[in-house]
Amino acid sequence: MVENPTRGAGPPQRTRTLAALAAILGLGALLRGLYLAEIAPSPEIQAPGYDAAFHDFWARALLSGDWSPPRFFADPQIHSTAFFRPPGYPYFLALLYALTGGSPLGARALQMGLGLVNCWLCFLLGRIWLGRATALLAAAGMACTWTLVYFEGELLAPVLEITLLLLTLLAFARWWRAGGTLSAFVAGTCLGLFALTRPNALVLLPVALGFGIWRARRPGPARLAPLLLGLPLGAALAIAPAAIRNHLVAGEVVLISSNGGVNLYIGNNEHADGYTARIPALGEFAALQGWG
């Protein structure tokens, strides 16, 4: 799905590219290490709040099987209702906890490692479309952008969303160049996995199909039939576990999560002010008392 970052370069240029990329990743690792050391003593590491607390509870319950909510917190009924929030990140966090023995600091460290992987993926994507110099500049931007470093240290979804988005774009680049049903299937699968973390990413499916139809009319390896078969199939198989689980548990047709309507209402009700996400009785309606 991804290509050799130095493919087509001579030995001196290849060496310089690898050295520059290594320096960028090293700088990114240094910044993340310093920030992790800074936040390590914070009480919020052991006791996260709001959405991070919700993700932490969900991930730990997946590993332990104990769905009893913390004291003073409402039971969000995750195990007995259709997913209210997207399941992608909590399941990913559960994996991080499994790898780190439940360490909240260890999970954050792994997320920062994933942030460095994102820098590398950004480089690969930039090299395909814009050349090595631009790719290195983009990777350096990701390595040093403070908002990315900050969110990698939070129990929130952006770091995983960025990974899945970059993999999706790389998969589509592969289909553009190589064509074939397998390439289209991989692209659809990546898009479906991205949607498990950010459900509104599914709006990209018809856009991708439309773009693919346009692309398939031009000379090259990309053909229409493999795209129409592979792309929807990959996306459907990726989101099928969530949809099937929601139907079995709640008897409802919910592809991924049910909070889309609530979020739409939060942003468009008569009390919406454009910068807060609170509406009367939302906490009671969604069983979110104590969660934020």
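On a 1 Å grid over the protein atoms alone, a cavity is a set of points where a 1.4 Å probe fits but cannot get out. Points are joined across faces, edges and corners, and a volume is the space filled by probe spheres set on them. By this rule there is 1 cavity of 30 Å³ or more.

This is a predicted model, where local features need pLDDT of at least 70 and side-chain atom pairs count only at pLDDT 80 or more, while totals for chains, interfaces and linings use all residues. Residues are numbered from 1 along each chain as its sequence is written, and side-chain values use heavy atoms, without hydrogens or water.

The largest cavity has a volume of about 40 Å³. Its lining, meaning residues with an atom within 4 Å of a point, includes Phe-54, Trp-58, Phe-83 and Arg-85.

Now the fold. The protein has 13 helices and 0 strands, taken as DSSP runs (helices H or I, at least four residues; strands E, at least two). Buried residues, those under 20% relative accessible area with a 1.4 Å probe and protein chains only, make up 45% of the 292 residues.

Next, the cores. A nonpolar core is a set of buried Ala, Val, Leu, Ile, Met, Phe, Trp, Tyr and Cys residues joined through side-chain atoms within 4.5 Å. The largest has 43 residues, of which Tyr-89, Leu-93 and Leu-231 touch the most other members. Helix H9 gives the largest share of this core, 7 residues. Apart from it lies another core of 17 residues, among them Cys-119 and Leu-166.

Conventions: 1 Å grid on protein atoms, 1.4 Å probe; cavity = no way out; pocket = protein on both sides within 12 Å on 5 of 7 lines; lining within 4 Å. Buried < 20%, exposed > 50% of the residue type's maximum accessible area, 1.4 Å probe, protein only.
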